[in-house]
Structure formats: C-alpha cells, structure tokens
Amino acid sequence: MGKVAIISDSNSGIVQKEAKELGIHILPMPFFVDGETYFEDINLTQEQFYQKLKDGCDISTSMPSVGSVTELWDGLLKEYKEIVHIPMSSGLSSSCETAMMLAEDYGGKVCVVNNQRISVTQRQSILDAMALAKQGRSAAEIKEILEREKFESSIYIMVDTLAYLKKGGRITPAAAALGTLLRLKPVLQIQGEKLDAFAKARTVKQAKSIMIDAVKHDLASRFHDPEGKDMYISMAYTDDLEAAEAFRTEVQQAFPDHKIHLDPLSLSVSCHIGPKALAVTCTKKIPELM
C-alpha cells in the first residue's frame, strides 16, 4: 500500500494523460454548455470549448459532484494510507469548501489543501506535494506546508476583449463599452483569492510590458529575490498558442535564467476572460524543497 495519493482538478492545467504519467489523479471540471453537461479533457477539449465560446453558446462552470469526489477517495484509500486533495482556489470556486466538508467524514485520512492557487500556480503546488510525499511527509504535513506558502505567488493576465468580463457581470456594460471604444487591453491579477483589476493598456505590446514589469517588481519588492533564484516563472494562455509562444520568447529574454513552463489557462477562468488572453506568473519555491 502506498502512503500518500495526490489529487487535484483540471483547473491545474494538468490533462488526464499527464496525470497518469505523473502518478496523480485529476478530477475533470464540469461545464454546462447550452444546457448539456461536459467534462474538461474528457468530452470537452480546449478547441471545442473556444469554438462554443465564439459561437455564443451559453457556458457556465460547475464543480465536481460529491459522488465523483468521494468515489475517487474511497477507491484510492484501498491503495493508499492518506490523500492530499488540492482543488482550485476557494476564492474562485466553492469546490474547495465542499471537499473540506466531505473530508470531515474520513477521520483525517483526506487532507484538503486550501492554498489559493489556479492554473500553473496550482500545478506547481501539485508538483511540490509530490516532492514532499517522496520525502516521506504525511498528508497533514504536506497540507500545512502548502497552506503556509499559499500567497507566495502572483498571476498577471492580459485580456484581449472585455466582452466576457461584461457577460459574467465582472464589469458594467458602460465600462465594457468605454473600454472597447478605447481599445483597452486590461491586465488583471490573481493574488490568492480572486480575479482583480491591475492596470489598463492601450496595446498588446504595452500589456505585455506591464505584466513583465509587474513580475520583476514582485521578485524585487515582494519576494526580495530580484534575480528570481528561488522562484518559478510560468505562463498561461487562452486559445492562441502561436501568440503565447511568441510572448514566451519575450518573457524568456526578461528572465534568461529560468525555464518558462507554458500551459493553456484553466477553462474555468477562460469562461470569464475569453480567447487570446496571455498570463505570466511567479511562484516562490518551498524552502523544504530547495
């Protein structure tokens, strides 16, 4: 019997194939598209999702069912002594709170980590959990370490269009109309719990510079690590891989000593920001793994 199983959800950007290769378990996030239920990376691909978004389909997000979560836990506890479950940020979904309530019936065998991560920063938490488990740490120890480090990351996202923020009620129709008229490219941020405004750019080029400068500022002022020696730099994007690869070249030039990981942005976030978005993130390395 193994000691600790690692579970997360598809908001991490880890697809089912990669999960199997890593030896972890990923719950697919459910979506309602024009009244029908789809599951990310099961019967809803990235390409299908963006096509439905562009076609104007009514898309809403949901969370894994209670049954799908407990069934996975019950099955894994036949093979493992403990489980570390890392859902998306509790500030962006109620799936974390639900999982924590369910875990109360498992006598400490299931530790749900509320570490305020999404996309590539959530992915890093999963990789960190795997490394900590290999060190022989218990599920409770892993949860404690990940939650201690939960705010040690930043995400900056350039939005190509305001249409989806307007549709989701995150900005007013008047603000959306003005932003569209001025051709603004808003830069948003995720600092833990929620998606917030950060800056307004007039061009994609300016938005890219704002994001790179924001990460540099965080490294120097927030993390006191100007060269980012103890940091991970990662990127995410929606829909347009070619544009993302071009931007990765720019980010790589700004941070030449880093290997820049690039993933599609979580579809749960993409619902609210739409296609052609670009994101840059920085995450502090966990002391226990340095």
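Aspartate 239 sits in the loop between β11 (231–237) and α10 (241–254); helices (H or I, at least four residues) and strands (E, at least two) are DSSP runs, numbered from the N terminus. Aspartate 239 isn't a glycine, yet has a positive phi of about 75 degrees. With 29% relative accessibility, aspartate 239 counts as partly exposed. On this scale buried means under 20% relative accessible area, exposed means over 50%, and partly exposed is in between (1.4 Å probe, protein chains only).

A word on the source: this is a predicted model, where local features need pLDDT of at least 70 and side-chain atom pairs count only at pLDDT 80 or more, while totals for chains, interfaces and linings use all residues. Residues are numbered from 1 along each chain as its sequence is written, and side-chain values use heavy atoms, with hydrogens and water left out.

Serine 119 is another non-glycine residue with a positive phi, here about 60 degrees. Serine 119 is found in helix α5, and at 2% relative accessibility it counts as buried.

Now for the helix pairs. Two packed helices are described by the angle between their axes and the distance between the axes. The axes are lines fitted to C-alpha atoms, for helices over the stretch in contact, and angles run from 0 to 180 degrees between N-to-C directions.

| Helix pair | Angle | Axis distance |
|---|---|---|
| α5 (residues 119–134) and α6 (residues 139–148) | about 140 degrees | 10 Å |
| α3 (residues 66–76) and α4 (residues 95–103) | about 50 degrees | 11 Å |

That angle makes α3 oblique to α4. α5 and α6 are oblique to each other too. For reference, angles under 35 degrees count as roughly parallel, over 145 as roughly antiparallel, 65 to 115 as roughly perpendicular and the rest as oblique.

α5 passes α6 in a right-handed crossing, and α3 passes α4 in a right-handed crossing as well. A crossing is right-handed if the near helix is turned clockwise from the far one by less than a right angle, and left-handed if anticlockwise.

Who touches whom? On the α5 side, Ser125, Asp128, Ala129, Leu132 and Ala133 meet Ile142, Ile145 and Leu146 of α6, where contact means heavy atoms within 4.5 Å. By class, this contact has 6 nonpolar, 1 polar and 1 charged residues. Here Ala, Val, Leu, Ile, Met, Phe, Trp, Tyr, Cys and Pro count as nonpolar, Asp, Glu, Lys and Arg as charged, and the others, Gly among them, as polar.

Over in strand β9 (residues 185–190) you'll find valine 187. At 1% relative accessibility, valine 187 counts as buried. Leaving out residues up to four places away in sequence, valine 187 touches Tyr156, Ile157, Met158, Ala197, Phe198, Ala199, Ala207, Ile210 and Met211. Alanine 199 is 12 residues away from valine 187 in sequence, with a C-alpha to C-alpha distance of 5.1 Å.

Zooming out, the protein chain has 11 helices and 13 strands. Its radius of gyration is 19 Å, close to the 19 Å that the globule rule gives for 290 residues, so the chain is as compact as a globular protein of that length. This radius is taken over C-alpha atoms, and the rule is 2.2 Å times the number of residues to the power 0.38. Along the principal axes, the C-alpha atoms fill a box of roughly 60 × 50 × 30 Å. Of the 290 residues, 50% count as buried. Among contacts with a separation of 6 or more, 74% come from residues 24 or more positions apart.
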